[in-house]
Amino acid sequence: MPDDYTAVMDQALQQARLALEHDDVPIGAVLLDAAGEVVAADRNRREELSDATAHAEMLVLSQASRDRGDWRLDGHTLVVTLEPCPMCAMAAVWARIERIVYAAADLKGGGVWSLYNIPQDERLNHRCEVTAGVCEIESRQLLEEFFATRR
């Protein structure tokens, strides 16, 4: 498992940029297995798929689970360009993800630390380690540019 997630976050940022092709919010995610190998990568596809649950995180968790034939993703690391929302944070907990790594905090909807601390809630039967702020500036700039054109 890498100590520095910058290279993996760069892959997530590449995915985020692809979301712009369908006017989706530019958020990308990469899922690493226990050996640190990429097992899934995707981007927000809510607009593209007309699906409110088509967040980048949900898509990589689903893909990896299908490929493994098991919903349990023990030892995996979820790398995402924006702090996961409560839905995605809870999905990571249910999937038994070991670590969540994110770039920019989501002060209005974050489910990992900013508004809620779902992955480390002691009332749940599984907890995820959290690393925040990897490539934060790049991610925040991409999001700000996207929303500036819509306001």
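Me: What pattern does the chain follow when read along the sequence?
Reply: Happy to start there. In this predicted model, the order along the sequence is α-β-β-α-α-β-α-β-β-α. That comes to five helices and five strands.

Me: How much of the chain counts as buried?
Reply: Of the 151 residues, 49% do. The cut-off is under 20% relative accessible area.

Me: What makes a set of residues a nonpolar core, and which residues have the most contacts inside the largest one?
Reply: The members must be buried residues of the nonpolar kinds, Cys and Tyr included, joined through side-chain atoms within 4.5 Å. The largest such set has 28 residues, and those with the most contacts inside it are Ile27, Leu31, Leu61, Leu73, Leu78, Ile97 and Ile100. At least two residues each come from β1 (28-32), α3 (56-68), β3 (77-82), α4 (86-94), β4 (99-104) and α5 (136-148). The most come from α4, which gives five. There is also a second, separate core of 14 residues, with Tyr5, Met9, Ala12 and Leu13 among them.

Me: Which residues is Ile100 in contact with, leaving aside its neighbours within four places in sequence?
Reply: The partners of Ile100 are Leu78, Pro84, Ala92, Val112, Pro119, Cys128, Glu129, Val130 and Thr131. For the chain in general, take the contacts with a separation of 6 or more: 58% of them join residues 24 or more positions apart.

Me: How do you know that Cys135 counts as buried?
Reply: Its relative accessibility is 11%, and buried means under 20%. Cys135 therefore counts as buried. You will find Cys135 in the loop between β5 (129-132) and α5.

Me: What is the phi of Cys135, and what is the phi of Arg96?
Reply: Phi of Cys135 is near 60 degrees, a positive value in a residue other than glycine. Arg96, in the loop between α4 and β4, has a positive phi too, near 70 degrees. Why point these out? Most residues other than glycine have a negative phi.

Methods:
Residues are numbered from 1 along each chain as its sequence is written. This is a predicted model: local features need pLDDT of at least 70, side-chain atom pairs count only at pLDDT 80 or more; totals for chains, interfaces and linings use all residues. Side-chain values use heavy atoms; hydrogens and water are left out. Buried means under 20% relative accessible area, exposed over 50%, partly exposed in between (1.4 Å probe, protein chains only). Helices (H or I, at least four residues) and strands (E, at least two) are DSSP runs, numbered from the N terminus. Contact means heavy atoms within 4.5 Å.
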